[in-house]
Amino acid sequence: MADVRVAAEDAVFALPEAGLGVAVDAGGDLRIAREAGAGWAKYLALTGRRVDAATAQRLHLVQLVVPGEDLEAAARAVAREIADNAPLAVQGIKRAIDGYADAALPAALDRVAMTAALTLTSEDCREGYTAKAARRPPRFSGG
């Protein structure tokens, strides 16, 4: 349910609900179907089998697998990379992907074009290009 998922090498993932007599809660099975395909979602949800972190990464359920002792630092580093980008652009990208990844392409392209137009006219866009040209880190304000 996270935008970017980082896991420790020894992490395990499962949908044990069917073995407990309940349906999968909070749409975990649907999220797996979206990321890994309906076959994997059914396999995991119907059997309750566990998968290790390497398998979860191969199925696109996590994006990064690191040693357990590096988990917090790795997650914070990814968060910092995102936070260092222009807030309007990050928000627009997230909104477009969350809202339109499964939409018909023309509708998605219209929405992406609107987001691009909003960010291209922002102060953060100007700052990003200026900083890149000056070879310095950008100082984004969210405007």
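User: Where is the place of Thr 119?
Analyst: This is a predicted model, where local features need pLDDT of at least 70, side-chain atom pairs count only at pLDDT 80 or more, and totals for chains, interfaces and linings use all residues. Residues are numbered from 1 along each chain as its sequence is written, and side-chain values use heavy atoms, with hydrogens and water left out. Helices are DSSP runs (H or I, at least four residues) numbered from the N terminus, while strands are E runs of at least two. Thr 119 sits in helix H7 (residues 105-120).

User: Is Thr 119 buried or exposed?
Analyst: Buried means under 20% relative accessible area, exposed over 50%, and partly exposed in between (1.4 Å probe, protein chains only). Thr 119 has a relative accessible area of 16%, so Thr 119 is buried.

User: Which residues is Thr 119 in contact with, leaving aside its neighbours within four places in sequence?
Analyst: Contact means heavy atoms within 4.5 Å. With those neighbours set aside, the partners of Thr 119 are Leu 88, Ala 89 and Cys 125.

User: Is Ala 54 buried or exposed?
Analyst: Ala 54 belongs to helix H4 (residues 53-58). Its relative accessible area is 52%, so Ala 54 is exposed.

User: How many Å apart in space are Ala 54 and Ala 2?
Analyst: In sequence, Ala 54 and Ala 2 are 52 residues apart. From C-alpha to C-alpha, the distance between Ala 54 and Ala 2 is 18 Å.

User: Where is Asp 10, and is it buried or exposed?
Analyst: Asp 10 lies in the loop between strand E1 (6-8) and strand E2 (12-14). With a relative accessible area of 65%, Asp 10 is exposed.
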